[in-house]
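Colleague: Can you walk me through this model? I would like to start with what counts as a contact.

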Amino acid sequence: MLEKIKLLLNITDENKDALLTLLIQQAIDEAIEFTHNSDTSELESTIIKMVLFNYNRLGTAGIDAESYSGVSYTYAIDYPEGILRSLKSKRKLVTL
């Protein structure tokens with residue numbers, strides 16, 4: 001999975017491997033928690049999208065809006081609907 005993410009991000013060296021590995025593990029943990037399913041093999045492409053989303057948000061986490069020189073930016077605070085839809089499709093019902 002790491003190599004696929006590096007290819008998508010056009011990263012050719014190993015300088016970001018530790019960071020990307022951490023983001024991969026966090027995304028896997030989030031997917032397991034959300035779906036209540038420890039088998040994430042069917043969610044690899046979704047996990048890759050989660051990692052890319054989180055990687056691209058580094059340094060901007062927590063910012064809801066930013067404005068300067070007449071230009072406004074709003075940052076997402078949750079995963080895009082496509083990622084959430086994919087996670088929801090693999091969600092297991094938890095009984096108490």
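Modeller: Contact means heavy atoms within 4.5 Å. With that cut-off, isoleucine 5 touches Leu20, Ile24, Ile48, Val51 and Leu52, leaving aside residues up to four places away in sequence. This is a predicted model, so local features need pLDDT of at least 70 and side-chain atom pairs count only at pLDDT 80 or more, while totals for chains, interfaces and linings use all residues. Residues are numbered from 1 along each chain as its sequence is written, and side-chain values use heavy atoms, with hydrogens and water left out.

Colleague: What is the secondary structure of the chain?

Modeller: Four helices and two strands, running α-α-α-β-β-α from the N terminus. Helices (H or I, at least four residues) and strands (E, at least two) are DSSP runs, numbered from the N terminus.

Colleague: And what share of the residues is buried?

Modeller: Of the 96 residues in the chain, 29% are buried. Buried means under 20% relative accessible area, exposed over 50%, and partly exposed in between, with a 1.4 Å probe and protein chains only.

Colleague: What does the accessible surface come to?

Modeller: About 6700 Å², with 52% of that belonging to carbon and sulfur atoms. Accessible areas come from the Shrake-Rupley method with a 1.4 Å probe, and for residues only the protein chains shown count as cover.

Colleague: Back to contacts. How much comes from residues 24 or more positions apart?

Modeller: Such residues account for 56% of the contacts in the chain with a separation of 6 or more.

Colleague: Which residues have the most contacts inside the largest nonpolar core?

Modeller: Ile5, Ile47 and Val51, in a core of 20 residues. The elements giving two or more residues to this core are helix H2 (17–35), H3 and H4. H3 gives the largest share, seven residues. A nonpolar core here is a set of buried Ala, Val, Leu, Ile, Met, Phe, Trp, Tyr and Cys residues joined through side-chain atoms within 4.5 Å. In soluble globular proteins, nonpolar side chains tend to be buried together.

Colleague: Now charges. How many salt bridges does a search of the whole structure find?

Modeller: Three. The criterion is a side-chain nitrogen of Lys or Arg within 4 Å of a carboxyl oxygen of Asp or Glu. One joins the side chains of lysine 4 and glutamate 44, at 3.1 Å from N to O. Lysine 4 lies in helix H1 (residues 2–8) and glutamate 44 in helix H3, so this pair ties together parts that are 40 residues apart in sequence.

Colleague: What about lysine 6?

Modeller: Lysine 6 and aspartate 17 meet through their side chains in a salt bridge of 3.0 Å, N to O. That pair links distant parts of the chain, with lysine 6 in helix H1 and aspartate 17 in helix H2, eleven residues apart.

Colleague: Are those two buried or exposed?

Modeller: Lysine 6 is buried, with a relative accessible area of 5%, and aspartate 17 counts as buried at 18%. In the previous pair, lysine 4 is partly exposed at 45%, and glutamate 44 is partly exposed at 28%.

Colleague: Which residue forms a salt bridge with lysine 90?

Modeller: Glutamate 42, the closest N and O atoms being 3.0 Å apart. Lysine 90 lies in the segment after H4 and glutamate 42 in the loop between H2 and H3, so the pair ties together parts that are 48 residues apart in sequence. Lysine 90 is partly exposed, with a relative accessible area of 31%, whereas glutamate 42 is exposed at 58%.

Colleague: Moving to rings: how many aromatic pairs does the whole structure have?

Modeller: One. Phenylalanine 53 and tyrosine 79 form a tilted pair, 5.4 Å centre to centre with 50 degrees between the planes. Phenylalanine 53 lies in helix H3 (residues 44–57) and tyrosine 79 in the loop between strand S2 (71–74) and helix H4 (81–89), so the pair ties together parts that are 26 residues apart in sequence. Rings of Phe, Tyr and Trp (its six-membered ring) pair if their centres lie within 6.5 Å; planes under 30 degrees apart count as stacked, over 60 as edge-to-face and the rest as tilted.

Colleague: Is phenylalanine 53 buried or exposed?

Modeller: Buried, at 16% relative accessibility. Tyrosine 79 also counts as buried, at 13%.

Colleague: And what does asparagine 54 touch?

Modeller: Leu23 and Tyr79, not counting residues up to four places away in sequence. Asparagine 54 is in helix H3 and is buried, with a relative accessible area of 15%.
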